[in-house]
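Visitor: Can you walk me through this model? Keep it quick.

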Amino acid sequence: IIEPVSKKLLVSILHKPLESRKLEVQVQALSIATYCINLGPQVISSLTPELMRLVVEAINICNSDSAHPQIKTSEKYNLSYTDLKTAAVKFLWAALTLRQLETAGQTGLKGKIIPLMFKLLAHPNEKVVTAALDG
């Protein structure tokens with residue numbers, strides 16, 4: 001039942017880079033992608049180039065110390081850059097469960113994600129630290 005809907009959602013999420021979207025849409029996109037990965041291989045069965053781009057974008061979000069100048073706090077949805085970073089951390093933990101990250105060509109990404117999680121344990125915001133711990 002959920003597979004056709006999730007495939008349609010993922011296509012709409014993955015077709016554009018995160019940075020080209022509003023803050024609340026970025027958080028939603030990462031949260032939906034995390035949910036779909038957590039549903040199992042019947043929803044996301046392969047690591048597509050678009051999903052790889054999302055992994056790289058999430059790594060970049062987690063690595064940055066400040067928001068991109070175009071990203072503004074969303075007062076309407078009560079979201080900040082910290083919420084985006086938290087969603088990126090949760091997404092990366094989910095992405096680590098994908099078997100395709102075990103292949104020889106993708107071990108570099110996995111090698112970037114794990115040390116990043118340790119780095120985020122020292123983040124000044126409790127939400128980010130909790131997300132890094134909960135992985």
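Guide: Here is a short tour, topic by topic.

Guide: This is a predicted model, so local features need pLDDT of at least 70, side-chain atom pairs count only at pLDDT 80 or more, and totals for chains, interfaces and linings use all residues. Residues are numbered from 1 along each chain as its sequence is written, and side-chain values use heavy atoms, with hydrogens and water left out.

Visitor: What does the chain average in pLDDT?

Guide: The average is 83, and 84% of the residues score at least 70. pLDDT is the predictor's confidence in each residue, from 0 to 100.

Visitor: How many helices and strands?

Guide: 6 helices and 0 strands. The pattern along the sequence is α-α-α-α-α-α. Helices (H or I, at least four residues) and strands (E, at least two) are DSSP runs, numbered from the N terminus.

Visitor: What share of the chain is buried?

Guide: Buried residues are 43% of the 135. Buried means under 20% relative accessible area, exposed over 50%, partly exposed in between (1.4 Å probe, protein chains only).

Visitor: And contacts, what share join residues at least 24 apart?

Guide: 70%, among contacts between residues at least 6 apart in sequence. Contact means heavy atoms within 4.5 Å.

Visitor: Now the core. Which residues have the most contacts inside the largest one?

Guide: Leu30, Phe91 and Leu92, in a nonpolar core of 43 residues. Helices H1 (2-14), H2 (23-39), H3 (49-63), H4, H5 (107-120) and H6 (126-134) each supply at least two residues of this core. H4 gives the most, with 9 residues. Such a core is a set of buried Ala, Val, Leu, Ile, Met, Phe, Trp, Tyr and Cys residues joined through side-chain atoms within 4.5 Å.

Visitor: What does Phe91 touch?

Guide: Leaving aside neighbours within four places in sequence, Phe91 is in contact with Leu30, Ala33, Thr34, Ile37, Leu51, Leu54, Val55 and Ala58.

Visitor: Back to H4. How many of its residues are buried?

Guide: 13 of 15. H4 covers residues 81-95 and reaches 21 Å from first C-alpha to last, close to the 21 Å expected at 1.5 Å a residue. The expected span is 1.5 Å times one less than the number of residues.

Visitor: What about Thr86, what does that touch?

Guide: Lys127, Val128 and Ala131, not counting residues up to four places away in sequence. Thr86 is in helix H4 too. At 8% relative accessibility, Thr86 counts as buried.

Visitor: New topic. How many disulfides?

Guide: 0 disulfides, where a disulfide is a pair of cysteine sulfur atoms within 2.5 Å. Cys36 is buried at 2% relative accessibility. Cys62 is buried at 1%.

Visitor: Last one. What comes just after H2?

Guide: Gly40, with a positive phi of about 115°. As for H2, its 17 residues should span 24 Å at 1.5 Å a residue, and its end C-alpha atoms are 25 Å apart, which agrees.
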